[in-house]
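Subject: Structure handover

Hi,

Here is the structure I promised to pass on. My notes follow below it.

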Amino acid sequence: MGIGSDEDSSAAPQKPDLDALDVRQADRQERRAIVSPLTSRQLVHELRVHQIELELQNEELRRMQIELAAARSRYFDLYDLAPVGYCTLSEAEIILEANLTGGSLLGLSRDALVGKRFQNFIWAADQDIYYLHRKKLFDTGLPQSCEVRLLRAGGSTFWSLLRSTFDSGSTTKALHRLVLTDVNERKLEQDHIRISDIALKAVSQGVLIASPELQVVSANQAFLTMTGYSEPELIGASCSIFNGPLTNPDTQCAFMQAIQAQRDFSGEFVNYRKDGSHFWNQLVVSPVRDGQGRLTHFISINTDVSVRKELDRVLLEKNLELQRTTALAERANQAKSDFLSSMSHELRTPLNSILGFAQLLESGTPELTTLQQRNIQMVLRGGWYLLALINEILDLSSIESGKLALSLEPVAISQVLADCQSLIAPQAERSGIQVNFPVLSDSLVATADPLRLKQVIVNLLSNAIKYNRVNGVVDVTVSSDAQQTLCIRVQDMGEGLSEEKMSQLFQPFNRLGQESKGTEGTGIGLVLTRRLTELMGGRVGVQSTMGVGSVFWIELRVPQG
C-alpha cells in the first residue's frame, strides 16, 4: 500500500510554487522601480564610451605593433647589414653574437662565428697590441680602439680597426661589444705612401713637391742639403725664394709658361741657397694628377750641376784656345808643306842634272879609272837616295795638304804582286834575301789605287829586305775573311822590334836607331805607307817578336757584288 502510494505521488503533475513566483515578480517590480530611464541612458552612454576607448586602445596597439615591426626591420638594416662588423664578447672572449658583416669579414657565417674565441682571429704578430687594447678597456672602462691584422677562415689577412665598448644593456661589466672596420685598403695605401716617401727621401737628387700655386709641400734631405733650408722653413713657402738676380729671365718665363699649361719642364737655373750663395740647378718638373685627371701637385727633380757648368766653362775656354792653337798649327803645317813642296821641286831639278851627268861620265869615254868609277857610284847612290827622299817628302806633303788624288778601283792582287816582285828582285838579289810570293787566282781583288798599292807593298818589301838577317827569307801571304776584307802580310826574319820601338814605328824621320848601323833609309817610308793605306780605306798593322822577326800587314776592302 505504501509502495503503491509512492509511485502514484511521483507520477502526478506538480503544481507551481505560487510563493516563489510572487517573489520573482516582486523583485522585477522592485528593480524596475530602482533603474529609471535616465539612469539607463547614462549606463548605455558609458558603455558606448567604454567601447570607443577599447577600440582606440586596440588601434594604438596595432600601431605600436607596426612600429615595432618597422623598428625590428631598421634594427636588421642597422645591425645585421651595417658596413662594419659587430660582435658581442664574453669576458672569456667568446663571441656571443655577431652581425652579418662581422661574419663576412672573418670568412664565416654568423651562426658559425658564435661560440668561437675572438682572439683566435688575431694575427700572431699583433696579439700583444690586442692584449693591451683589451687591458685598457677593462682597466678604464672607457672605449678603446686599435688597428690589428685579422685572420679570415681561409687563412688570408686584412687590416681592421677595432673599437671596444662595454655593452650598456648588459648587467655584467665583462660583456663588451666590438666593432670591426675593414681598413686594409687605407693601410696598404699608407704603406705605399710611406714607402714612396722613404724612397724620395733616400734619392740622392733633390726632390721638391709643390702645390699647384707653387708653394712647397715637401722636400727630401738631398734638396734641404742643396739649398741650406730646414723642412719647417720651406713648408708653405713660395718656390720663388730660390730665384735671384742671376736667374735667367727667359728660362724663368719658359718655366712659368709650362706651369700654367700644366705640362713638363726641364732646364737649367741659377738658384739661390738660404745663405745667399748661388748654384746651377738642373731642374725637371712634372705635374701630378689624381684619378680624375685633376692637378694636385708638381714634383721637381733638382741636381746641382755647378761643378759640371764650371768644367764646361773651362772646357770651352780650352777648346777656344785649342782652336786658336790648331789654326796656328794648320797654318804652320800648310806653310811647311808648301815649303817642302817648293823646296823638293827646287832640289829635284838640279839633282836630275847631277844624276844625268854622273850617268854620262859612267858610260862615257875614255873609261874611268877604278877610283873614278867608285866615286861616280857614290855620287849615283847618294843622288838616287836623295831623289827617293824628295819623292817621298812630296808624297807626304801632298797627303797632309789633301792634294793627293787617288783612283780607287777593283785591283787584281796577283798582278800587283807580280809587278812588285819584278821591282824588288834586284834589291833582294844584291842583299842575298829570298822573297817568296804566293800563287793567286786573278779573281782575288781589292779596292785600291793600283799605283799607290804597289808603292805600299814595295815599301814593306824593301824594309823586310833591308832589315832582314844575312841569307834571310821574306814570305808574302794573302788571305781574305768573311768581313769582306783582304789581308796582305810581309814577314821577315830580322831582329824584331821591342814594344818601345813599336810605339815609335810610324813617327816621321824616326829610324829607330838604324841610321847608326849604316842601313840606308829615309824614316818616312812607313809613315807614307800608313797614310796611303788609310786613304784607300784600309789599315796597317805590325806584329813582332824579338829575335824572331816581324810581320807587317795591310788590310783592304773587297769590292761588293
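Predicted model: local features only at pLDDT ≥ 70, side-chain atom pairs only at ≥ 80, totals over all residues.

More on H13. The helix has a kink of about 45° at Ile-424, shortly before the proline Pro-426. Ile-424 is also buried. So are other residues of H13, including Val-416, Leu-417, Cys-420 and Ala-428. Their cover includes helix H14 (450–466). Strands contribute too, among them S11 (409–412), S14 (473–480) and S15 (485–491). Just after H13, Gly-432 takes a positive phi of about 70°.

Now the sheet. It is open and has 5 strands, in the order S2-S1-S5-S4-S3. The pairing is antiparallel. S2 (95–98) and S3 (144–151) are the edge strands, and each pairs on one side only. Neighbouring strands are turned by 30° against each other on average, direction ignored.

One pair in detail. S1 (residues 85–89) and S5 (residues 176–182) pair in the antiparallel sense over 5 bridges. Thr-88 stands opposite Arg-177 in S5.

Helix H6 (residues 127–140) packs on this sheet. H6 touches S1, S3, S4 (157–166) and S5. The direction of H6 makes about 150° with that of S3.

Over to you.

Best wishes

Definitions and conventions. Residues numbered from 1 in each chain as written. Heavy atoms only, no water. Pairing = 2+ DSSP bridges. Helix = DSSP H or I, 4+ residues; strand = E, 2+ residues; numbered from the N terminus. Axes fitted to C-alpha atoms, helices over the stretch in contact; angles between N-to-C directions. Contact = heavy atoms within 4.5 Å. Bend = angle between axes of the 7 residues up to and from the residue. Buried < 20%, exposed > 50% of the residue type's maximum accessible area, 1.4 Å probe, protein only.
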